[in-house]
Amino acid sequence: GGFCTSIDDCQNRAQGSLGSTSADGESRVLAEPYFSTDPIRSPLLHNWTKVFVRYCDGGYYSGDRKATLPGINGKPMFFRGRYITEALVSDLSTRYGLGSATDVVVSGCSAGAIRVFAHLDAVAAMLPQTTRVVGFPDSGFYMDLDIFTPLKRFVIAPTGQVYLGISTLGTCAS
């Protein structure tokens, strides 16, 4: 899914599956490879509790903007990835025991992996200090080469205000 690169791009993405879960079903079957419950296919993770956080943010869940922006057809746009993450960890802790977990693995692929690189420390800070939290990013690291560098940017308003930025979620991994 990558990330949105301009206000127009964010508005367009917000209308489809890259920016909204409104068209998703109530459940999803998760299996191969990491979510498999078969000990042969997933010898390490087959009996772990797993949570799938569906991509829909467009900014690595990094937004820290409380106010909305007007979007297409007057629908508001939200840049609240930080608050989504805080609510997710709170809900999982309260309702499903995440707060008493001894070990937590935060993973993602592509844009999700960038999120792991950027926000693992912030997620760990939301859990008890006794919880061992590790990251398992699957791709998402873009080297500083001419082919990638121009693609690394933030959504910036015409006034210069940054709407999305990797460093907006508290303490970030370095």
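1. Cover over helix α2. In this predicted model, α3 (111-125) is part of what covers the buried residues of α2. Those buried residues are Gly81, Thr85, Val89 and Leu92. They sit on the same side of α2, because their arc around the axis is only 75°. An α-helix has 3.6 residues a turn, so residues three or four places apart point the same way.

2. The other face of α2. Thr94 and Arg95 are exposed. Both lie on the face of α2 turned away from its buried side.

3. Length and end of α2. Helix α2 runs over residues 81-96, which is 16 residues. At 1.5 Å a residue it should span 22 Å; the end C-alpha atoms are 21 Å apart, so the two values agree. Just after α2 comes glycine 97, with a positive phi of about 80°.

4. Glycine 140. This residue is in the segment after β4 (132-138). Is glycine 140 buried or exposed? Its relative accessibility is 8%, under the 20% cut-off, so glycine 140 counts as buried. Alanine 111 is 29 residues away in sequence, yet the C-alpha atoms of glycine 140 and alanine 111 are 5.8 Å apart. Neighbours within four places in sequence aside, glycine 140 is in contact with Ser110, Ala113, Ile114 and Phe117.

5. Nonpolar surface patch. Tyr34, Leu44, Trp48, Val105, Val134 and Phe136 make a nonpolar surface patch of about 530 Å². One of these residues, valine 105, belongs to strand β3 (residues 103-109). Valine 105 has 37% relative accessibility and therefore counts as partly exposed.

Terms used: Residues are numbered from 1 along each chain as its sequence is written. This is a predicted model: local features need pLDDT of at least 70, side-chain atom pairs count only at pLDDT 80 or more; totals for chains, interfaces and linings use all residues. Side-chain values use heavy atoms; hydrogens and water are left out. Helices (H or I, at least four residues) and strands (E, at least two) are DSSP runs, numbered from the N terminus. The expected span of a helix is 1.5 Å times one less than its number of residues. Buried means under 20% relative accessible area, exposed over 50%, partly exposed in between (1.4 Å probe, protein chains only). The arc is that of the directions from the helix axis to the C-beta atoms. Contact means heavy atoms within 4.5 Å. Patches are made of residues with over 30% relative accessible area and no salt bridge: like charges are joined within 9 Å, nonpolar side chains (Val, Leu, Ile, Met, Phe, Trp, Tyr) within 5 Å. Accessible areas come from the Shrake-Rupley method with a 1.4 Å probe; for residues, only the protein chains shown count as cover. A salt bridge is a side-chain nitrogen of Lys or Arg within 4 Å of a carboxyl oxygen of Asp or Glu.
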